[in-house]
Each structure stands twice: as C-alpha cells, then as structure tokens.
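Here is a quick tour to read with the structure open beside you.

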Amino acid sequence: LGCVDEVFQVTAEHAGLFDVIQAVVGPRHCHDLRRMLQRILLQPAVCQHIVAGVAEQEQRLCGRTLAQRDRDLLTGLPPDLAAEALLSGCDPESGRQLLAWPMPNWLFARDCFALAGQSVILGHPRHPARQRDGLLARAIVRHHRVLRDADHIDVAQLLPPGADAWLEGGDVLIVSKEIALIGIGIRTSASAAAALAGALRQRGFSHVLGVHLPRTRAAMHLDTLFTLIDEDACLLYAAAFSADSPAEERVEVVALDGSDRALGCDLPAILGRLGRPLRAVACGDGDPVLAAREQWTDGANAFCLGPGRILLYARNKGTLRALNRAGFEILHPAEFIRNAHLLMAGKRRFVVAVSGFELSRGRGGPRCLTLPVRRAR
C-alpha cells in the first residue's frame with residue numbers, strides 16, 4: 001500500500017508542476033514526453049525501428065533475446081499501450097514482463113536532452129539501465145514535429161565507436177550566447193564534454209567551461225549544485241564553490257579549449273571575469289548543515305519560467321528564505337496559476353514553491369524535470 005501511495009504522490013506532484021508551466025505557455029506548447037513518444041509510435045516505420053533498437057539493447061546489455069511474438073506485440077499495440085510497454089517493460093494488458101527493467105527516470109526530461117540556442121543536444125546516458133531512455137529520446141528528437149527540424153548535436157556521433165564516454169543534459173548549462181558550462185563527473189565524462197565543447201564552439205560559443213564535480217551522488221549533475229535564477233543571479237550550493245572546502249568536496253573549473261587550463265572553483269567570479277557577473281543566493285540559506293540537507297533535496301535545482309521567475313520545491317525552507325531575502329516573493333502554485341499572465345507580464349521576482357516530497361526522492365528537481373524547447377526573447 002505504501003508503494004502505491006508513493007506512486008500516486010509522485011504523479012500528483014508531477015501534474016502540479018505541469019499545471020504551473022501550462023499556465024504560462026498554454027496547453028498547445030506544453031509537451032509531455034510520454035505523449036510525444038505516443039505520437040511518433042503512430043508511424044509504423046518508427047515503431048519498428050524503436051522495437052528493433054530495444055531488442056538489440058536487450059541482447060547486448062542483458063543477454064536476453066526479445067522473442068518474435070513480443071516484438072510483434074510491441075509493434076501491434078496502439079500507441080498509448082506501446083508507450084506504456086516500452087516505459088514499464090511489461091505488457092500493459094497482462095502484466096507479463098517483456099523487457100529487463102522499467103524506466104522510472106523517464107520523467108526527468110533533462111537527463112537525455114539539452115538545448116543550446118537553436119541546437120538540440122542528444123546525450124549519451126552512462127548506465128545500462130538508462131540506455132533505453134537514450135534510444136527513445138533520440139527517436140523523439142528525430143521524428144517528433146517539435147524537434148525533428150532542429151539542428152541536432154548527437155554526442156554519441158561525436159565520439160569514436162565503442163568509446164567509454166557519456167554525457168547527460170543536466171550537466172549542460174547555457175549562461176549566455178557566448179558562454180556554456182559542462183559538468184564533468186559521475187554522469188558526464190571528460191572526453192564527451194570535450195567533444196561537445198568543440199561542437200558548441202563551432203556554433204558560436206566563445207567560452208565553454210568544464211566544471212569538474214565532486215565524485216558523489218549528491219553532485220549527480222552540475223545543475224544539482226548551480227542554476228541560473230535571473231539575468232544577474234544564480235542559486236548554488238556554496239560549499240562546492242569555496243576554496244575553503246576540502247578538495248574532494250569542491251568543483252574545479254577548467255577551460256575546454258584544448259588546454260584544460262585550471263580557472264579555480266569560484267564559478268560566479270569566473271563568469272564575472274567573462275562579462276557575466278552573478279549575485280549568488282546560497283542553497284540552505286548559508287547554514288552548512290541545512291545547505292547539505294537541502295542540496296540533497298534539490299534546493300539548488302531551480303527552473304526559470306523567465307528571468308527572476310522560478311520554480312523550486314516547497315520543502316527547501318532555508319533556500320526559500322534566502323531567496324525571499326534576495327527579493328523573491330514566495331507564491332503557492334494555486335495562487336500563481338490564477339494570476340499567471342499578470343505575474344509573468346509584471347516585474348515582480350518570485351518563486352513558485354511546488355510540492356516535491358516524493359519527486360525529490362528520485363534525485364531530481366524542477367530543472368531536471370523540464371526542458372524548454374523555445375524561449376521568448
């Protein structure tokens with residue numbers, strides 16, 4: 001019963017986040033990955049290609065042969081049920097296991113994708129359990145009407161065949177038209193970061209910086225430690241960017257220009273020297289114990305609806321207190337939804353404090369759960 005309650009709570013929290021974003025962009029411009037997958041599965045050739053790819057992964061990663069009857073089942077199901085089968089790994093009608101594992105992290109859209117200007121970056125997940133995520137992500141980017149005509153940067157194609165290299169979207173942060181950051185850690189390798197840096201420089205980025213992350217699960221991606229919240233402000237886990245922290249607990253910023261020149265650990269100061277000064281707001285309100293606790297529950301992982309208008313989990317009370325003191329009004333989701341157009345048209349800075357007690361247990365915050373495809377200028 002407890003597990004069932006948790007599933008319902010996750011669904012409700014995700015729906016609440018979806019409702020907030022939909023209140024800003026409208027239902028036509030708010031896309032759900034599951035529905036995007038269903039849409040491309042309407043194309044028989046795409047469906048067959050996906051099933052063939054899944055069968056190859058099952059054999060290569062698990063030593064399991066996907067029986068022909070199960071291939072026929074997957075290609076013959078209606079799109080909504082086929083999507084359910086691919087995500088759950090089970091026949092949605094009988095409950096029979098079809099694939100080696102489910103895809104519980106599919107809701108974290110930022111894992112497999114990133115955007116850099118007009119380019120869609122297709123990541124290359126590290127863990128075998130995420131390989132199907134990557135396969136489905138590629139299919140959506142290549143075949144869904146919203147993304148298929150965009151410029152694609154496929155990280156897997158930038159690397160030598162069989163290279164032991166990986167990159168996930170939560171490690172890619174675009175600071176400006178000239179500056180990009182790529183986290184290097186447990187989910188993104190140095191070789192993949194270097195390959196992506198070259199592709200970004202070809203597309204006009206003057207400065208691509210690598211941010212070597214602490215090798216801990218708490219620092220899963222760069223955006224678990226640092227996110228932008230306004231044109232001139234960022235939210236960060238201060239201990240990771242302080243020279244006073246032990247070396248194994250802090251970041252090291254390097255230039256990804258072929259030199260790997262070390263730039264230090266104070267990322268806001270480094271960005272300031274590049275012409276993008278940022279005022280830092282500390283996750284956990286600067287209290288070391290509270291900061292560590294709230295960083296674990298995604299207190300540094302904010303999503304911008306627009307400059308100075310952000311989403312953050314309501315459970316991170318210390319971080320919300322720090323944001324409020326920095327001039328951000330704290331809003332309940334229902335209040336925001338009722339007044340979304342007025343609030344977005346005004347000049348007030350605010351945080352919509354969304355529920356995330358169960359979502360944060362999956363190690364992902366509002367930025368991890370979202371991916372803006374197009375930003376208004």
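A residue counts as buried when its relative accessible area is under 20%. Leucine 312 comes in at 0% relative accessibility, so it is buried. Keep in mind that this is a predicted model.

**Cysteines and disulfides**

- How many disulfides does the count come to? The tally is 0 disulfides.
- A disulfide is a covalent bond that joins the sulfur atoms of two cysteines.
- To be counted here, a pair of cysteine sulfurs has to sit within 2.5 Å.
- Cysteine 234 doesn't make it, because the closest cysteine sulfur, in cysteine 304, is 11 Å from its own, too far for a bond.
- Is cysteine 234 buried or exposed? Its relative accessibility is 0%, so cysteine 234 is buried.
- Cysteine 265 has 9% relative accessibility and therefore counts as buried.

**Helices H2 and H5**

- Helix H2 covers residues 33-41 and helix H5 covers residues 79-88; they pack at an angle of about 120°, and their axes are 8 Å apart.
- That angle makes H2 and H5 oblique to each other.
- The handedness of the H2 and H5 crossing is right-handed.
- On the H2 side, Arg34, Leu37, Gln38 and Leu41 make the contact, while H5 brings Pro79, Asp80, Ala82, Ala83, Glu84, Leu86 and Leu87.
- Sorted by type, the residues in the contact of H2 with H5 are 7 nonpolar, 1 polar and 3 charged.
- Looking at H5 by itself, Ala82, Ala83, Ala85, Leu86 and Leu87 are buried.
- Which helices do the buried residues of H5 pack against? They pack against H2, H3, H4 and H6.
- Just past the end of H5, glycine 89 has a positive phi of about 80°.

**Helices H3 and H4**

- Helix H3 (residues 44-62) and helix H4 (residues 68-76) cross at roughly 145°, and their axes come within 9 Å.
- H3 passes H4 in a right-handed crossing.
- Cys47, Gln48, Val51 and Ala55 are the H3 residues in this contact, and they meet Arg71, Leu74 and Thr75 of H4.
- By type, the contact of H3 with H4 has 4 nonpolar residues, 2 polar and 1 charged.
- H4 is also where you'll find aspartate 70.
- With 7% relative accessibility, aspartate 70 counts as buried.
- Leaving aside residues up to four places away in sequence, aspartate 70 touches Arg96 and Leu98.

**Histidine 144**

- Histidine 144 is in the loop between helix H6 (131-143) and strand E3 (151-154).
- Is this loop histidine 144 buried or exposed? Histidine 144 counts as buried, at 5% relative accessibility.
- Apart from residues up to four places away in sequence, histidine 144 touches Met36, Arg39, Ile40 and Ala139.

- Leucine 312 is 290 residues from glutamine 22 in sequence, yet the two are 16 Å apart in space, C-alpha to C-alpha.
- In helix H11 (residues 317-325), the buried residues include Gly318, Thr319, Leu320, Ala322 and Leu323.

**Positive phi without a glycine**

- Aspartate 260 has a phi near 55°, which is positive even though the residue is not a glycine.
- You'll find aspartate 260 in the loop between strand E9 (252-255) and strand E10 (262-264).
- Aspartate 260 counts as exposed, with 51% relative accessibility.
- Arginine 363 is not a glycine either, and its phi is positive at about 65°.
- The segment after strand E15 (350-354) is where arginine 363 lies.
- Is arginine 363 buried or exposed? At 4% relative accessibility, arginine 363 is buried, whereas aspartate 260 is exposed.

Note on methods: Residues are numbered from 1 along each chain as its sequence is written. This is a predicted model: local features need pLDDT of at least 70, side-chain atom pairs count only at pLDDT 80 or more; totals for chains, interfaces and linings use all residues. Side-chain values use heavy atoms; hydrogens and water are left out. Buried means under 20% relative accessible area, exposed over 50%, partly exposed in between (1.4 Å probe, protein chains only). Axes are lines fitted to C-alpha atoms, for helices over the stretch in contact, and angles run from 0 to 180 degrees between N-to-C directions. Helices (H or I, at least four residues) and strands (E, at least two) are DSSP runs, numbered from the N terminus. Angles under 35 degrees count as roughly parallel, over 145 as roughly antiparallel, 65 to 115 as roughly perpendicular and the rest as oblique. A crossing is left-handed if the near helix is turned anticlockwise from the far one by less than a right angle, and right-handed if clockwise. Contact means heavy atoms within 4.5 Å. Ala, Val, Leu, Ile, Met, Phe, Trp, Tyr, Cys and Pro count as nonpolar, Asp, Glu, Lys and Arg as charged, and the others, Gly among them, as polar.
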